[in-house]
Amino acid sequence: MPKVCPVCGAEAVREEGEAVLRCTGIECPAKLLRNIIHFVSKEGMDIEGLGASIVEQLIDNNLISNIADIYSLTLEDISKLKKNGTKFATNLVNAIEESKNNDLYKLITALGIRHVGTKSAKTIAKYCKTLDNLMQIDIETLSEIEDVGDITAESIYEFFKQPQTIDLIQKLKTAGVNMQVKEEEKIDERFKEMTFVLTGGLDNFTRDEATKIIESFGGKVSSSVSKKTTYVLAGEEAGSKLAKARDLGISIITEQEFNDMIK
Ligand SMILES: [Zn+2]
């Protein structure tokens with residue numbers, strides 16, 4: 001039995017319990033349609049509007065001959081596919097463009113590496129941080145990643161060794177597809193469990209603006225001073241609320257001090 005795919009020459013493997021040899025070349029013409037459909041699917045790069053029949057038409061019209069060609073499609077290319085296709089084409093071009101910013105795990109899933117689904121792609125992405133790191137990692141390290149067993153580790157390792165994979169990744173890089181894990185947005189809750197009371201006129205904020213800022217940092221704004229008040233923000237001509245804050249020993253801050261707190 002041959003160890004290479006008769007169509008593209010890439011390594012072909014037979015896994016335990018399987019009768020047929022499986023080509024591992026991601027750009028293999030024999031699997032192109034299926035690979036592209038998976039790449040753009042919701043689970044993969046999630047390119048809305050690029051369904052199986054459109055992919056088929058793009059291939060039949062010689063507009064794409066590999067996965068990376070998706071990123072070279074033009075408005076004219078796509079609008080040819082449908083009658084009055086301008087709006088469809090505009091939306092699709094935008095969706096293709098947007099998909100370049102996908103988080104790394106989407107790309108890893110989209111590549112359709114055998115045994116790698118969304119769940120393991122997420123832990124792999126978190127561990128490796130960049131696709132370059134994933135491409136260079138050894139099998140032992142791979143198999144230590146959560147959700148990655150020995151079989152998956154070998155499958156990933158073999159996949160990234162293939163010349164077709166390396167070629168495709170290079171093309172995707174050139175097209176501007178994101179290859180890094182996105183930093184989780186940190187929520188700044190510096191005013192968590194704090195209650196502010198605003199009194200008097202502020203120079204640089206309206207009451208509404210100051211309230212929004214405090215709330216965006218997880219704080220609350222109350223209309224009356226009590227023992228539960230954390231800070232009284234006292235502007236010009238602050239009146240009875242300021243007096244009450246002094247009585248209760250509540251911290252009183254100026255607009256300048258508030259400014260420093262929100263930097
Ligand atoms: Zn092949």
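1. Start with a definition for the metal site. Donors are N, O and S atoms within 2.8 Å of the metal. The model is predicted. In this model the zinc ion is coordinated by the SG atoms of C5, C8, C23 and C28. The distances run from 2.2 to 2.3 Å.

2. Next, the geometry of the zinc site. The four donor atoms subtend angles of 100 to 114° around the zinc ion, so the arrangement is tetrahedral. For comparison, the ideal angle for four tetrahedral donors is 109.5 degrees. In sequence, the donor residues follow the spacing C-x2-C-x14-C-x4-C. C5 sits in the segment before strand 1 (12–13), and C28 sits in the loop between strand 2 (22–23) and helix 1 (32–40), so the pair ties together parts 23 residues apart in sequence.

3. Are C5 and C28 buried or exposed? C5 is buried, with a relative accessible area of 7%. C28 is buried too, with a relative accessible area of 0%.

4. Now the overall layout. The domain assignment of the chain gives domain 1 (1–185) and domain 2 (195–261). The centres of domain 1 and domain 2, taken over C-alpha atoms, are separated by 54 Å.

5. Turn to the nonpolar interior. In soluble globular proteins, nonpolar side chains tend to be buried together. The largest nonpolar core here has 52 residues. Which of them touch the most other members? They are F39, I47, I70, I108 and L134. Two or more residues each come from helix 1, helix 2 (52–60), helix 4 (86–99), helix 5 (104–110), helix 6, helix 7 (131–136), helix 9 and helix 10 (163–175). Helix 4 gives the largest share of this core, five residues.

6. I108 deserves a look of its own. Leaving out residues up to four places away in sequence, I108 touches I113, V116, A121, I124, A125, L131 and L134.

7. Helix 6 spans residues 118–128. Its residues S120, A121, T123, I124, A125 and C128 are buried. What do the buried residues of helix 6 pack against? They pack against helix 5, helix 7 and helix 9. K129 follows helix 6 and has a positive phi, near 70°.

8. I156 gives a view from helix 9. I156 is found in helix 9, which covers residues 150–161. The relative accessible area of I156 is 1%, so I156 counts as buried, the cut-off being under 20%. Beyond residues up to four places away in sequence, I156 touches I113, V116, I124, L134, L142 and V148. I156 and D138 are 18 residues apart in sequence. From C-alpha to C-alpha, I156 and D138 are 9.7 Å apart in space.

9. Last, the charged pairs. Side chains of opposite charge can pair when their charged atoms come close. How many salt bridges does a search of the whole structure find? The search finds nine.

10. One of these joins D46 and K42, with the closest N and O atoms 3.8 Å apart. D46 is partly exposed, at 35% relative accessibility. K42 is exposed, at 64%.

11. Another salt bridge links the side chains of E97 and K100, at 3.2 Å from N to O. E97 is partly exposed, with a relative accessible area of 44%. K100, in contrast, is buried, at 14%.

12. K119 and D147 also meet through their side chains in a salt bridge, at 3.4 Å from N to O. K119 belongs to helix 6, and D147 to the loop between helix 8 (139–144) and helix 9, so this pair ties together parts 28 residues apart in sequence. K119 is exposed, at 62% relative accessibility. D147 is partly exposed, with a relative accessible area of 35%.

Definitions and conventions:
Residues numbered from 1 in each chain as written. Predicted model: local features only at pLDDT ≥ 70, side-chain atom pairs only at ≥ 80, totals over all residues. Heavy atoms only, no water. Helix = DSSP H or I, 4+ residues; strand = E, 2+ residues; numbered from the N terminus. Buried < 20%, exposed > 50% of the residue type's maximum accessible area, 1.4 Å probe, protein only. Contact = heavy atoms within 4.5 Å. Donors = N, O, S within 2.8 Å, 3.2 Å for Na, K, Ca; no water. Tetrahedral: all angles 85-135°; square planar, octahedral: opposite > 155°, others 65-115°. Domains from an automatic or database assignment. Salt bridge = Lys/Arg side-chain N within 4 Å of Asp/Glu carboxyl O. Core = buried A, V, L, I, M, F, W, Y, C linked by side-chain atoms within 4.5 Å.
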